[in-house]
Amino acid sequence: MNKRTLVIGASLNPDRYSNMAINRLVNHNHETLAIGLRNGEVAGVNIDTELKPYEDVDTVTLYLNPKRQEEYYDYIVSLKPKRVIFNPGTENPEFYAILKENNIAFETACTLVLLGTNQY
């Protein structure tokens, strides 16, 4: 099943996990959107630098440390995703509480592992 996924913290650097996640999501035929600090393209996916009102986002996968996430709280909640994945190093109990209040599921997991083990 195609799960429209937004990668936040996307990087053009192929050594970064967000970049690997974009490639892996595309390879698994998930429609992929990306937001990062620099415009560019990874695996045919445009990285946007502005917060666009995307529709029908199934999953948001985070590659930002908890402090950097704060400016995205309202934006992510406004997208009404089915779930938010907190990749290693992004764990954020404050944001968990906000998501819970808004009935948005979340999990602390690695997107790459979930894809690699068919648990995505």
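Tutor: N29 follows helix 1 and has a positive phi, near 60 degrees. The model is predicted, so local features need pLDDT of at least 70, side-chain atom pairs count only at pLDDT 80 or more, and totals for chains, interfaces and linings use all residues. Residues are numbered from 1 along each chain as its sequence is written, and side-chain values use heavy atoms, without hydrogens and water.

Student: Why is R4 called buried?

Tutor: Buried means under 20% relative accessible area, exposed over 50%, partly exposed in between (1.4 Å probe, protein chains only). R4 has 19%, so R4 is buried.

Student: What makes R4 and E55 a polar contact?

Tutor: A polar contact is a pair of N or O atoms within 3.5 Å; within protein, one must be able to donate a hydrogen and the other to accept it, and residues adjacent in sequence count only if both atoms are side-chain atoms. A polar atom of the R4 side chain lies 2.2 Å from the backbone oxygen of E55.

Student: Which residues of helix 1 are buried?

Tutor: S18, N19, A21, I22 and L25.

Student: How do you know that they line one face of the helix?

Tutor: Seen down the axis of helix 1, the buried residues fall within an arc of 160 degrees, so they line one face. The arc is that of the directions from the helix axis to the C-beta atoms. Exposed Y17 and N27 sit on the face turned away from the buried side.

Student: How do the residues lining the largest pocket divide?

Tutor: Twelve are nonpolar, eight polar and three charged.

Notes: Nonpolar A, V, L, I, M, F, W, Y, C, P; charged D, E, K, R; others polar. Helix = DSSP H or I, 4+ residues; strand = E, 2+ residues; numbered from the N terminus.
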